[in-house]
Amino acid sequence: MKDKITNIRIAGLGGMGVLKASLILSELLFEEGHDVKKAEVHGMSQRGGSISSDVRFGKKVVSPMIPEGEVDFLVSLEPEWSDVHKVSMKDGGIVISPADFDASKLASAKAINVAALGVLSRHLDIPENRWLEVLEKFFPEKLHAANEAAFKLGRNS
Amino acid sequence: MSQITRKLLSGNEAVALGALHAGCALGVGYPGTPSTEILEAFSILKGNAEWAPNEKVAAEVALGVAFGESRALVTMKHVGLNVSQDLFFTASYSGVQGALVAIVADDPGMASSQNEQDTRSLAYAGGLPVLEPSDSQEAYDFTKLAFELSHRWQIPFIIRTTTRVAHSNTIVEYDEQSAKPRPKANFNRDISMRVMVPGHAKPAHKRLRQKFADMLKWNDEQGPNQIIEGKDKKLGIISSGIAFMHALEAAPEAGFFKVGFSNPMPVNKIKEFAAQYDRCIVIEEGDPYMTTLLRAAGANVEPREEKWRFGEFTVDRAKAQIAGDLSYETPVIKQKPPQLCKGCPHIFSFQPMADMGCIVAGDIGCYTLAAMKPISGMDMQICMGASIGMGLGLRKVLPEDQARKVVSVIGDSTFMHSGLTGLLEMVYNPPATGHVVVVVDNSTTAMTGQQEHPGTGRKLDHSPTNQVSIEAVAKAIGIQNVETFNPVRDNAKFSEYLKEKLATNELTLIVLRQPCILAAANLIKRNRGQ
């Protein structure tokens, strides 16, 4: 009936970089020529509460919010709280969490979001150099090397 | 030569870009989720953007700009329209000469608000035309259109967004060359048009209703509405805003009338559309605004079940409404509630009051989270600035032992927004037991993401300006005791002082000043002038 839409939900707690990760991901998908929509709620969540962001891409995306049972990839940055989104997943959907890489190898715990994008990158057909180019746009130069290392840690884990 | 640029933008960023390209001379507002980022984005685009002390002042400034034949944007969340309503409900009579566009961002589902009122219902009452974008492209297009229509009909326009339009990123295509220069400002005296005494307001009301008749005709004939013919004529859906996107995904085979200009509603056009379908329903977020107007006009649309008034729409809810499934409930996903940050000065400010068993009339900001466990230190919160008046009212009727425990607590930005008139009441009609106001001053508008206000001494872009002193204002108004403490370092002194003043019949204002810990690093940089 319609061209396939891929649905990615990034979830965690306020302050973990959920919104930053979804912004990077959606900008990359946009630059790769997809129709992209991203939806989230700001506000109270920045006080350490639960937060999630939906990124949908494909030929033509209609609603910016992922319908129930249609999440293809759940990037769960704080499994204790964000694994609850598993109820919204499609059968056979993939969960990505910090357990997928050795977080102790990160220069800063703040880069967990970027490392998780590295894991996600293995499932999306986009060259590594494109990910790294877009990542650089979203961080000051002094953090480029650390973020590249975090991304590769996730991608190569 | 036109050159199309494509960008992935949030609805708020798209509004800012649209205003810039419409020749907007000034953007003014008060921060409020989900509208805050519009003026910040406008400032980054080199637009002239300012935070006003509150939405009413913002709207007044914007109207002045429009009276000067120039173009103004005013931004606010839905409840900000209540604050500025006094201005808007008569500016619709006076009209404008340049252009005035108000972006009012609704929060259905109340992600970060105290109610889920629907701006369309207020705009209907006030005679204010409304456009409703469904994505960032329309947020851009409709903002430009609103400036044109405001100028054409000489009336303030409202653009109603909702959370998922304001805070969703979708692709926007625009032509940089289409940007208009700012019109030259000029004042032409016309007393009968702008001084709304009864003799002038009576013909002005008739002019307003004539404008609505003209706009209705235009909207029916060529308004920014869209018809999508259905595969068959079984189901027709009338929708607007983000609800249209959910409904279109839920029922791609149905016929659609997408309303872009919803006050005045293109009623005649919708009636023609609805008459072609066996069954027609309205899918709209918030009040049954379109449903009610269409049914009153005799259109072939079903009444809406009360269930669909509450909360945010989704694709699944749209499917349930279409199926008439009243048992549908949006799955509840367990959430970690927001809380005050570790080390937040508000924790130190509220704990002594909770320990003393104070009855705390509270206000709106991060510190409202002090109402939650473990502090449970706030007893009421309704709207911006209400802490002071509510506290005074309690003091006036409660038995003395209870009255002496009442404290009003308000944040620094909220104090600037609407605390001053409460202080006037306190001095003018003091309760027999006196009163204590505590200003929890973290030197920023923290809840919405660290915006400046008149007390910070910095403008929207963080450049320095005059700084308003809470203490000096309180003394000038006539509060007897005005004291300042650091709630973290001088916690015991604060407790002692509060206890002492609660026992007197005097009027006291205590400022508890310690910067927000999230803002602290930025504040140090800004104070150094970096």
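Colleague: Where is the place of Glu32(A)?

Modeller: Glu32(A) lies in the loop between helix H1 (18–31) and strand S2 (35–40) of chain A. Helices (H or I, at least four residues) and strands (E, at least two) are DSSP runs, numbered from the N terminus. Before we go on, this is a predicted model, where local features need pLDDT of at least 70, side-chain atom pairs count only at pLDDT 80 or more, and totals for chains, interfaces and linings use all residues. Residues are numbered from 1 along each chain as its sequence is written, chains are lettered from A and ligands numbered from 1 in the order in which they are written, and side-chain values use heavy atoms, with hydrogens and water left out.

Colleague: Fine. Which residues does Glu32(A) touch, not counting residues up to four places away in sequence?

Modeller: Ile126(A), Pro127(A) and Arg130(A); contact means heavy atoms within 4.5 Å. Glu32(A) and Ile126(A) sit 94 residues apart in sequence, with 7.9 Å from C-alpha to C-alpha. Glu32(A) is partly exposed, at a relative accessible area of 30%. The terms go like this: buried is under 20% relative accessible area, exposed is over 50%, and partly exposed is in between (1.4 Å probe, protein chains only).

Colleague: And helix H3 (residues 112–121) of chain A, how many of its residues are buried?

Modeller: 10 of the 10, so the helix is largely enclosed by the rest of the structure. Among them are Ile112(A), Gly118(A) and Ser121(A).

Colleague: What do the buried residues of H3(A) pack against?

Modeller: Strands S1 (6–13), S4 (71–76) and S5 (89–96), plus helices H1, H4 (128–137) and H5 (144–155), in chain A.

Colleague: Switching to chain B. What is its mean pLDDT?

Modeller: The mean is 96, and 99% of the residues of chain B reach 70 or more. pLDDT is the predictor's confidence in each residue, from 0 to 100. For the complex, the predictor gives an ipTM of 0.95 and a pTM of 0.96.

Colleague: At what angle do the axes of helix H3 (residues 55–67) and helix H4 (residues 78–94) of chain B cross?

Modeller: Roughly 25 degrees, and the axes come within 7 Å. That makes H3(B) roughly parallel to H4(B). Axes are lines fitted to C-alpha atoms, for helices over the stretch in contact, and angles run from 0 to 180 degrees between N-to-C directions. Under 35 degrees counts as roughly parallel, over 145 as roughly antiparallel, 65 to 115 as roughly perpendicular and the rest as oblique.

Colleague: Which residues meet there, in H3(B) and H4(B)?

Modeller: On the H3(B) side they include Ala59(B), Leu63(B) and Phe67(B), and on the H4(B) side Val83(B), Leu87(B) and Ala91(B) are among them.

Colleague: Tyr93(B) next: buried or partly exposed?

Modeller: Partly exposed, with a relative accessible area of 22%. Tyr93(B) is in helix H4 of chain B, and its contacts include Met196(B), His205(B) and Leu208(B).

Colleague: Where are the cis peptide bonds you flagged?

Modeller: One joins Asn263(B) and Pro264(B), with omega about 0 degrees. Another joins Lys373(B) and Pro374(B), with omega about 5 degrees. Pro374(B) is in the loop between strand S14 (359–361) and helix H15 (386–397) of chain B.

Colleague: What is phi of Ser376(B) near?

Modeller: Near 45 degrees, a positive value in a residue other than glycine. Ser376(B) is in the loop between S14 and H15 too, and is partly exposed at 42% relative accessible area. Ser443(B) also has a positive phi, about 65 degrees, although it is not a glycine, but Ser443(B) is buried at 19%.
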